[in-house]
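Please open the model in a viewer and keep the selection panel at hand.

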Amino acid sequence: MHIPDGYLSPSTCAALYAASAPFWYVAFRKITRLLSTRLVPLLSVFAAFSFVIMMFNLPLPGGTTGHAVGMAVSTIVLGPWGSILAISVALLIQALFFGDGGITAFGANCFNMAIVGSLVAYVAYRMIAGRAAISSPRRVVAAAVAGYLAINVAALLTAIEFGIQPMLFHDVSGAPLYAPYPLNIAIPAMMLGHVTIAGLAELVVSGGVVAYLQRSEPGLLKITAPGAVGEGDAEVVQRGGWRVARPLLILVAVMMILSPLGLVAAGTAWGEWSPEDFGNAQARQEIQAGSGNVAPPAAVPPGLAQVAGVWNAVLPDYDPFQSGDVNIQRIGYVISALVGGGLILLSFLLIGWVAGRMGRG
Amino acid sequence: MTMGEIRRAAPTRRRRKSFVERTIIGLAEAMEQSLYAEELAHTDGLLQKIDPRVKVVGMLALLVAAALSHTIGVILGLFAGALLLARLSQVPLRTLVGRIWVPVLLFTGVLALPAIFTTPGQPIAHLPLLGWAITAQGVSGATYLITRVETAATFSLLLILCTPWTHVLKALRVLQVPVVGVVILGMTYRYIFLMLQIARDMFESRQSRMVGRLTGPDQRRLAGASVGVLLSKSFTLSNDIYMAMQSRGFRGEVYTLDEFVMRRSDWLALAGFALVAGAAVIVDFRF
């Protein structure tokens with residue numbers, strides 16, 4: 001995930017430095033106003049913490065280990081702006097003193113992990129956690145999914161940055177000057193590792209830390225939980241959020257698998273008809289059956305006919321795997337990443353459950 | 001833990017290291033690497049004598065020159081320059097081989113290898129049995145990537161190995177990094193070692209009290225709890241540091257001592273860096 005020097009062209013690096021700069025500026029202004037004189041020690045120690053947890057070997061379901069970036073953990077505890085700064089500082093120290101990630105690629109690494117990673121983690125966590133109590137298992141699930149999504153979005157961005165290099169930068173003979181793989185190879189290659197190992201590492205550490213903090217230091221979870229309903233669910237705290245959250249995690253995994261399958265499932269969703277459907281006998285029957293037995297108009301409604309051409313080339317029939325269009329292939333990768341992620345999550349939970357049963361037996 | 005479990009866990013042969021042990025080893029290696037760099041930064045080599053600001057700007061110029069290059073010959077020329085600098089700065093070859101060249105070759109090399117088949121272009125050979133075509137463009141692309149990454153990584157490592165970290169941080173001021181940024185970086189670097197120490201102690205104390213192996217879910221619970229404990233320790237630590245800073249008169253403004261003075265040799269070195277980087281860009285542009 002840490003892009004070294006030499007993989008991206010200087011112009012890509014410059015563009016990503018420029019894209020990161022406004023976020024750093026805003027984050028710095030916001031955090032300075034919030035923390036005032038506490039800024040220096042808090043940010044320093046938290047950046048050191050981010051650095052150290054990136055070195056942890058995390059045990060994953062299935063017996064392997066992986067490293068996490070801790071984007072969701074930082075975001076949940078510090079808020080997105082504090083997280084952007086803390087992870088950026090940790091990444092700079094890694095690049096400068098430990099050779100992990102390039103110096104010219106520092107802007108790109110910050111953009112992918114510190115900025116986009118933190119913002120994705122924040123949005124996902126707030127959306128899933130909602131107004132749940134601090135001790136609610138829903139927060140464990142929210143943190144785990146936020147971490148999983150954040151690292152996968154960051155990986156997707158990294159893959160896109162790699163994938164555009166051979167298109168834009170090659171020598172006179174056509175040999176790629178920097179990262180050599182186009183998007184159709186870079187994206188699946190990158191996502192495979194992140195949907196599985198790295199994503200799970202982030203999931204384990206994010207869910208695990210929130211479960212731990214719920215029991216021992218719930219105060220640290222309050223920054224990103226405004227409007228959380230009152231406490232009083234002491235039993236949940238005692239039982240431990242991780243275990244209570246397991247059924248919810250299974251539900252999330254199932255939903256991750258089902259939602260993209262729903263998109264590609266046979267039949268057309270109600271209201272998503274194309275002009276051609278009005279001329280097709282079978283499609284007309286489906287529309288009628290789904291519309292309280294009201295027959296559809298004989299001809300294509302003129303409004304639909306007019307606007308249908310405006311946006312018809314991007315996702316024809318949600319059939320990404322058979323299309324030659326690069327845009328559709330990209331959507332296909334995201335869908336397959338989600339399906340794969342959900343399946344893996346579910347299978348590891350299953351393996352864990354079976355292993356647990358066998359261990360007890 | 002039952003007796004059966006203890007018996008199963010007894011090490012009769014070389015067993016796989018647990019995640020706790022692997023984390024301890026990883027944390028110790030990070031500390032060791034950094035101490036080695038500090039030691040090397042105080043030896044009497046060429047790069048060690050140059051003003052840190054010149055080194056930061058000069059190495060950055062060489063990195064950018066290597067990144068801009070469209071010619072493998074120029075990248076290799078810069079790589080040879082990096083080797084010469086390493087030699088003159090008493091950086092042992094085995095350090096470069098062990099810390100940069102082999103890891104980069106293993107990672108980037110493996111990553112770049114399939115490109116010799118997947119890159120479209122003129123076939124120059126076919127793989128026996130499989131019949132896959134190796135293209136000239138694929139070989140060039142893989143060579144660009146490997147040589148560029150090796151060269152850039154060598155320059156970065158030379159900067160770190162030949163400059164005390166406090167000087168590297170202060171030198172960042174010439175790149176317009178704000179003073180407060182430099183102070184935060186400095187404190188982060190300092191506290192990384194304390195946190196590494198705390199994390200290692202936590203894992204070691206756990207390891208010393210553990211018999212046999214933990215189950216997967218228990219390992220994950222332990223990892224989550226360890227990160228959580230470290231997190232709450234960092235908040236306590238930052239409060240302590242803040243109070244210590246306040247009691248010593250900290251009111252929010254930060255200053256650094258700017259003791260660097262440019263000598264004639266530093267100007268010469270700056271000219272040397274500019275000349276090499278400029279020559280690389282010009283030669284590359286002409287070919």
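Select A:Leu43 first: apart from its neighbours within four places in sequence, this residue is in contact with A:Leu85, A:Ala86, A:Val89 and B:Ile184, where contact means that the C-beta atoms, placed from the backbone, lie within 7 Å. The model is predicted, with local features requiring pLDDT of at least 70 and side-chain atom pairs counted only at pLDDT 80 or more, while totals for chains, interfaces and linings use all residues. Residues are numbered from 1 along each chain as its sequence is written, and chains are lettered from A and ligands numbered from 1 in the order in which they are written.

A:Leu43 lies in helix α2 (residues 39–54) of chain A; helices (H or I, at least four residues) and strands (E, at least two) are DSSP runs, numbered from the N terminus. Is A:Leu43 buried or exposed? A:Leu43 counts as buried because it has 27 C-beta neighbours inside 10 Å. The classes are buried at 20 or more other C-beta atoms within 10 Å, exposed at 12 or fewer, and partly exposed in between, with C-beta atoms placed from the backbone.

**Helix pair in chain A**

Now select α4 (residues 80–97) and α5 (residues 106–129) of chain A, whose axes come within 9 Å and cross at roughly 150°. Axes here are lines fitted to C-alpha atoms, for helices over the stretch in contact, and angles run from 0 to 180 degrees between N-to-C directions. The crossing angle therefore makes α4(A) roughly antiparallel to α5(A), a term for angles over 145 degrees. On the α4(A) side, the contact includes A:Ser83, A:Ile87 and A:Leu91; on the α5(A) side, A:Cys110, A:Met113 and A:Tyr122 are among the residues involved. By class, the contact of α4(A) with α5(A) has 13 nonpolar, four polar and no charged residues. Nonpolar covers Ala, Val, Leu, Ile, Met, Phe, Trp, Tyr, Cys and Pro; charged covers Asp, Glu, Lys and Arg; the others, Gly among them, are polar.

**Helix pair in chain B**

Move to chain B and select α6 (residues 93–112) with α8(B); their axes come within 10 Å and cross at roughly 155°. α6(B) is therefore roughly antiparallel to α8(B). Among the residues making the contact are B:Arg99, B:Trp101 and B:Leu105 of α6(B), and B:Leu145, B:Val149 and B:Glu150 of α8(B). This contact of α6(B) with α8(B) comprises 12 nonpolar, three polar and two charged residues.

**Chain B as a whole**

The C-alpha trace of chain B spans about 75 × 70 × 30 Å along its principal axes. Of the 287 residues in chain B, 37% are buried. Among contacts in chain B between residues at least 6 apart in sequence, 78% join residues at least 24 apart.

**The interface**

Finally, show both chains: 70 residues of chain B are in contact with 66 residues of chain A. Elements giving two or more residues to the side of chain B that touches chain A include α2 (19–41), α8 (136–161) and α10 (179–208) of chain B. Which element gives the most to that side of chain B? It is α11(B), with 20 residues. The residues of the side of chain B that touches chain A comprise 44 nonpolar, 21 polar and five charged.

Key: Contact = placed C-beta atoms within 7 Å. Parallel < 35°, antiparallel > 145°, perpendicular 65-115°, else oblique.
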